[in-house]
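Q: I am new to this structure and would like a close look at a single part of it. Please take me through one chain slowly, starting with whatever term I need to follow you.

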Amino acid sequence: MATADSTASPAPAGAPSPLAGAEGLRTAAPSTPLYDTWRRLRRRRSAIYGMAILGALILVALFAPVIAPYAPNTVLIGVEPVRPRDNPCIHLLGCPADQPQHLLGIDGNVRDLFSRVVYGAQVSLFIGISTVSFAIVIGVLLGALAGYAGGWADNVIMRLMDVLLAFPALLLAIAIVSVLGPGLRNALIAIGIVSIPAYARVVRASVLSIKEQDFIAASRALGASPWHILFLRVLPNALTPLIVQGTLGIASAILDAAALSFLGLGAQPPTPEWGSMLGQERNQVFTAPHLVFFPGVAIMLTVLGFNLLGDGLRDALDPRLAQVGIKIR
Amino acid sequence: MKRSHSLMRLAGILLMAALVISACGGAATAVPPTTAPTQAPPTEVAFAPLTYEAPDCDYGGNFRSMEAVDRYTVKFTLCNPDVAFPSKIAFSAFAINDSDYLESTGGGGTLVESPNGTGPYKIQEWVRGDHITMVRNDDYWGEAALTETLIFRWSSEAAQRLLELQAGQVDGIDNIGTDDFEVVENDPNLALYPRPALNVFYLGINNTVAPFDNENVRQALAMGIDRQRIVDNFYPGGSTVASHFTPCSIPGGCEGEPWYEFDPEAARTLLEEAGFPDGFETTLSYRDVVRGYLPQPSVVAQDLQAQLAENLNITAEIVVMESGAFIDAADRGELSLHLLGWGADYPDATNFLDYHFGAGASAQFGDGFPDIQEALQTAGSLSDQAERNVHYAEANNLIKLHVPVVPIANGGSGLAFKATVEGAHASPLSNETFRVMQIPGQDTFVWMQNGEPAGLYCPDESDGEALRACEQINESLLSYEIGGTAVEPSLAQSYEANDDLTEWTFHLREGVKFHNGADFDANDVVTSLAVQWDAAHPLHVGRDGSFTYWPGLFGPFLNAPAE
């Protein structure tokens, strides 16, 4: 829009304009909304940390077979002289060289904990992204429909969402899993369902404000169909809050899935899921603390990464906050 | 807005209608109770001895009649000789209740919540989900309990049990964690009491579920599991690999050939012959509760899962179930592969073999094996141990052949008490007796076990967590010695049998009173046992009505409902 404006109304040569300085800045760096966001995001240290953690996590997940010395479910009985719940053995830190190296120790089933934690990154990322995608697809459809159609459709959909919101998320997820039966897939469905209302509300709010704007009226005047307006005009402009909500939502989805797995309702053994690893070894918290410490740290770092990035994105995508933020720095 | 108002009104009307309908429905279902129980006549003044009799022995069970000869004499007549009868009748599932109390509760309901026994403790309160409080029975016929108040608590977490003991919140705990034996031994404030491994942990196989209907497949499972690896890695010291279904310290337990050697090659060949060269998919169910025979359920389940995949190419999906639901599903024959175990109730092979493989056994392993049942029936009817052993050898060999189970381990377990506890002991039958325990100067004793009892009417319970609580409150005709397995007099002072072990006469203790003040007499014995025996008895109700021990030990119920 900015470039279109400047070409459409060329300023008289030599005439000093109050906007001249600003325009000079804009032309100096090619400016798109995406680039602006990226620039603002870069200036937030927390967002950088978040991205660094997530980048590392994604690399670990992608290259798990390369990084992990063992397959996640390889039982080392008879393969190596190790006992269940052996402490970590790191050669660099003084562990005798004749003992096999296990960075995070051995779990109760005589498997390499490091390999399981590494493969757990795949599971957790999969959980986070798939549940949030599921919730976004359904939530966006419902929210957009409610906001755009209004009237009884709005009432029915949003009251339904209110009902879902009225239950504590984890409790509702447990109830859904109890009905569907335990297992990773059912846990994903449960967490997905539980997180639908958040997206529906966000989208509805954006749609409500956007549909009153002039360019929508213009589009309608040109004869665009309601579906055309909703999906090609309204929704793309309602995306910003959704991105923030989605990023933060991945964090809470991973946490919920870990909680369900801890309770034995999520990932079933021998899936290397961090929550279930925690749950299985919870009784060894005093005798073999490494077995609960490292999966716990992995969950914490992942959730922290998504939360930091989500916060940063929210600041970067909010024009009002963004201006203030830049000036302060 | 208007539309939503009318919607609200519609919803309101619907709600009212629903309320009215449910109210009417509720009233309509509250029909008067079915015909009042009629069995026992009042026994207040003149003693009218009760007799309960089967028309003949064709119903399949072993009881012929139970008869109150006089106020303090009871005679049982059996269809077949039963050498283990005293050991069986001493078991807490055959506890004696007040016949009037049984009738007033209708055989279930409050009976499950507030038992009324003759034991050293009486129940004071049961806060569901939290604790059971019992107080000393000052009118107890024997030596009164040393501690006035006994509290049962429970936690499924070994770490929590140990923590509470270390913090002094409880005075004794059951089943310390596998890795915690050392911790307890090194703590001068605690004392470790190892419990002998009088139990068996097994992989149960349901032969009505394909492909386990194929004997070759079951034998492949029997050979394809490295049981030594499980015991070595996941069991505490004092545990052994099970050579037979019955532990060797039980008379006749280890007759016959020992179990298959671990031989994955031969197992795969068997699977190939059965038509499964590439394995198959199945489920492996277990309950995530710790018992003496299975100290680390989830770890062992995962190792079995890994072994099945590695040795036999069988993909087993692990299914974790709630304890009660798991047992019920197993008894109904709904589980294919499942992990369960058995701890001895009394030291006789019948307790292990007849309960699981006898004619009255549940559908846990699918259809019973008639040849095993026959061998067990013969063995149980003989009195000479050497003669019995011949038939137990046959039964054990048949179990090895048919593989309804893969016996895996005899699990050693341990209890921990505060070092100051006097009279502490670990019972091989898991029935610790708390009346002999005390901490001098302390009038409350707190015990923490693995789980909450499902009910306190123990004829209808089979979980040790419930039985242990019942045993403080209710008593049977005989009992087991404290911390041992020998049978001792209890409510019966003495007993005798005829020569062919089919008629057993018990002489009851006089002057014993139930907790509610009622006098104990022979009719209480007959009623208590007849309620279990006769499936058509109006008081044959219980908690869920399964009464699993009775058919397990004495064969089918009288008047068992046709299936």
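A: Let's begin with that term: two strands pair if DSSP finds at least two bridges between them. Please also keep in mind that this is a predicted model. The part to follow is chain B.

With pairing in hand, look at an open sheet in chain B, where 5 strands are lined up in the order S1-S2-S3-S20-S19 with antiparallel pairing. Strand S1 (51-53) and strand S19 (492-497) of chain B are the edge strands; each has a single partner strand, so one side of each has no neighbour in the sheet. From one strand to the next, the twist averages 15 degrees.

S1(B) and strand S2 (residues 63-70) of chain B run antiparallel and are joined by 3 bridges. Here B:Glu53 has B:Ser65 of S2(B) standing opposite. A helix belongs in this picture too: helix H16 (residues 522-533) of chain B lies across S1, S2, strand S3 (73-78) and strand S20 (503-508) of chain B. Relative to S2(B), H16(B) runs at about 165 degrees.

Now step back to the domains. According to the domain assignment, chain B has domain 1 (7-112 + 475-554), domain 2 (119-196 + 413-473) and domain 3 (199-410). Where domains 1 and 2 of chain B meet, the contact takes 25 residues from domain 1 and 23 residues from domain 2. The domain 1 side of that contact is made up of 10 nonpolar, 10 polar and 5 charged residues.

Next come some packed helices. Two packed helices are described by the angle between their axes and the distance between the axes. For helix H13 (residues 370-381) and helix H14 (residues 385-402) of chain B, the axes come within 8 Å and cross at roughly 160 degrees. Angles over 145 degrees count as roughly antiparallel, and H13(B) and H14(B) are therefore roughly antiparallel to each other. Their crossing is left-handed. Among the residues making this contact are B:Ile372, B:Ala375 and B:Leu376 of H13(B), together with B:Tyr392, B:Ala395 and B:Leu398 of H14(B). By class, the residues of the contact of H13(B) with H14(B) are 8 nonpolar, 3 polar and 3 charged.

H13(B) also packs with helix H12 (residues 349-357) of chain B, at an angle of about 145 degrees and with the axes 10 Å apart. The crossing of H12(B) and H13(B) is left-handed. In this contact, B:Thr350, B:Leu353, B:Asp354 and B:Phe357 of H12(B) meet B:Ile372, B:Gln373, B:Leu376 and B:Gly380 of H13(B). These divide into 4 nonpolar, 3 polar and 1 charged residues.

Most residues other than glycine have a negative phi, and most peptide bonds are trans. In the loop between strand S9 (199-205) and helix H7 (215-223) of chain B sits B:Pro211, joined to B:Ala210 by a cis peptide bond with omega about 5 degrees. B:Asn313, a residue other than glycine, has a positive phi near 65 degrees; its place is the loop between H10 and S12 of chain B.

That brings us to the partner chain. The contact of chain B with chain A takes 21 residues from chain B and 22 residues from chain A. H10(B) gives the largest share of the chain B side, 6 residues. That side divides into 7 nonpolar, 7 polar and 7 charged residues.

Notes: Residues are numbered from 1 along each chain as its sequence is written. Chains are lettered from A and ligands numbered from 1 in the order in which they are written. This is a predicted model: local features need pLDDT of at least 70, side-chain atom pairs count only at pLDDT 80 or more; totals for chains, interfaces and linings use all residues. Two residues are in contact if their C-beta atoms, placed from the backbone, lie within 7 Å. Helices (H or I, at least four residues) and strands (E, at least two) are DSSP runs, numbered from the N terminus. Ala, Val, Leu, Ile, Met, Phe, Trp, Tyr, Cys and Pro count as nonpolar, Asp, Glu, Lys and Arg as charged, and the others, Gly among them, as polar. Domain bounds come from an automatic or database domain assignment. Axes are lines fitted to C-alpha atoms, for helices over the stretch in contact, and angles run from 0 to 180 degrees between N-to-C directions. Angles under 35 degrees count as roughly parallel, over 145 as roughly antiparallel, 65 to 115 as roughly perpendicular and the rest as oblique. A crossing is left-handed if the near helix is turned anticlockwise from the far one by less than a right angle, and right-handed if clockwise.
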